[in-house]
Amino acid sequence: CALPIFRILRAAASKKKEFVLSFGGYSVTVGRGNHFEQSFPFVIKKILSEPLKQIGVNIVVRNAAIGGIPSFPYGWCLRNFLGEESDLISWDYGMNEGNSAEAFEAYVRHAMLMPHQPMVMMLDDKRARKNVLEKYAQDGFLVDPIAVGKGEVVKDLLGKYEEEKDRPPGLKEWDVWGAPKGSPGQSNWHPKKMEHE
């Protein structure tokens, strides 16, 4: 049996349609402090475009994140913000929503009502929210949900290298913004360019 993601990609390829990745979240997802196209949704597009093109799939990325707008009531309007034809949607609201899972669960339930029943990608590692993903997947309501940890996991790795030149490519220039110095959003809670990559 093929993994669910492969079924989705095969279906997209067989219909010569677009595979739509729609991203919701706060200013972190927007890419504040960097150029908009340097935000991780567009980095994902850059990485996936060529391989998906090889199987006949055109990838479309929508970065609908808005700084300071929480997942509730945003999550109740997913069709309006992310589009009905989304094949994957993301949730990146953990910065201001504490440890609870109520707003996230409402977001997931509204995702399940969308026409394409999109995959759900959560950018967060809070146990309560991971439990929601696991429960809905085990019960067969979500196909291939993904929980992604953020750049905090890299900080321990950075301490292992005394000098910048000794770091592997993905960790070089970790503290450098993508936009010119002084651009809006260059604050300590926003990820710099390489964290988006």
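These legends go with several close-up views of one predicted model. Residues are counted from 1 along each chain as its sequence is written, and side-chain values rest on heavy atoms, with hydrogens and water left out. Because this is a prediction, local features need pLDDT of at least 70 and side-chain atom pairs count only at pLDDT 80 or more, while totals for chains, interfaces and linings use all residues.

**View 1. The open sheet has five strands in the order β2-β1-β3-β4-β5, with parallel pairing.** Strands here are DSSP runs of E with at least two residues, helices are runs of H or I with at least four, and both are numbered from the N terminus. Two strands pair if DSSP finds at least two bridges between them. At the edges stand β2 and β5 (146–148), each with a single partner strand, so one side of each has no neighbour in the sheet. Neighbouring strands are turned by 15° against each other on average, direction ignored. For angles like this one, axes are lines fitted to C-alpha atoms (for helices, over the stretch in contact), and values run from 0 to 180 degrees between N-to-C directions. As background, strands of a sheet pair through backbone hydrogen bonds, either parallel or antiparallel.

**View 2. Strand β1 (residues 18–25) pairs with β2 and with β3.** Six bridges tie β1 to β2 (residues 58–63), and the two run parallel; look for Val20, whose bridge partner in β2 is Val60. Another five bridges, also parallel, link β1 to β3 (residues 88–92), with Ser22 standing opposite Ile89. How many of the eight residues of β1 are buried? Seven of them are, so to speak, under cover, where buried means under 20% relative accessible area, exposed means over 50%, and partly exposed is in between (1.4 Å probe, protein chains only). Further along the sheet, β3 and β4 pair in the parallel sense over four bridges, and Ser90 stands opposite Met121 in β4.

**View 3. Helices α3 (residues 40–54) and α6 lie across strands of the sheet.** Helix α3 lies across β1, β2, β3 and β4, and runs at about 175° to β2. Helix α6 lies across β1, β3 and β4, at about 170° to β3.

**View 4. The largest nonpolar core holds 20 residues.** A nonpolar core is a set of buried Ala, Val, Leu, Ile, Met, Phe, Trp, Tyr and Cys residues joined through side-chain atoms within 4.5 Å. The members that touch the most others are Leu78, Leu82, Ile89, Phe104, Tyr107 and Val120. At least two residues each come from α5 (78–82), β3, α6 (102–112), β4 (119–123) and α7 (127–138). Which element gives the most to this core? That's α6, with four residues. Apart from this core lies another one of 13 residues, including Leu21, Phe23, Phe40 and Met121. Zoom in on Leu82 and, leaving aside neighbours within four places in sequence, you'll find contacts (heavy atoms within 4.5 Å) with Ser22, Phe23, Gly24, Arg62, Ala64, Tyr74, Ile89 and Tyr107.

**View 5. His190 sits in the loop between α8 (155–158) and α9 (193–196).** Is His190 buried or exposed? His190 counts as buried because its relative accessibility is 7%. Not counting residues up to four places away in sequence, His190 touches Ser27, Val28, Arg32, Trp177 and Gly185. The side chains of His190 and Ser27 make a polar contact at 2.6 Å. That term means a pair of N or O atoms within 3.5 Å; within protein, one must be able to donate a hydrogen and the other to accept it, and residues adjacent in sequence count only if both atoms are side-chain atoms. His190 and Gly33 are 157 residues apart in sequence, yet their C-alpha atoms are 7.1 Å apart in space.

**View 6. Here are some of the 10 salt bridges found in the whole structure.** A salt bridge puts a side-chain nitrogen of Lys or Arg within 4 Å of a carboxyl oxygen of Asp or Glu. Glu84 and Arg79 form one, with their closest N and O atoms 3.2 Å apart; Glu84 is partly exposed at 39%, and Arg79 is partly exposed at 37%. For Asp139 and Lys135 the closest N and O atoms are 2.6 Å apart. Asp166 meets Lys165 at 3.3 Å, N to O; Asp166 is partly exposed at 40%, whereas Lys165 is exposed at 58%. Salt bridges with shared partners join Glu163, Lys165 and Asp166 into one network.
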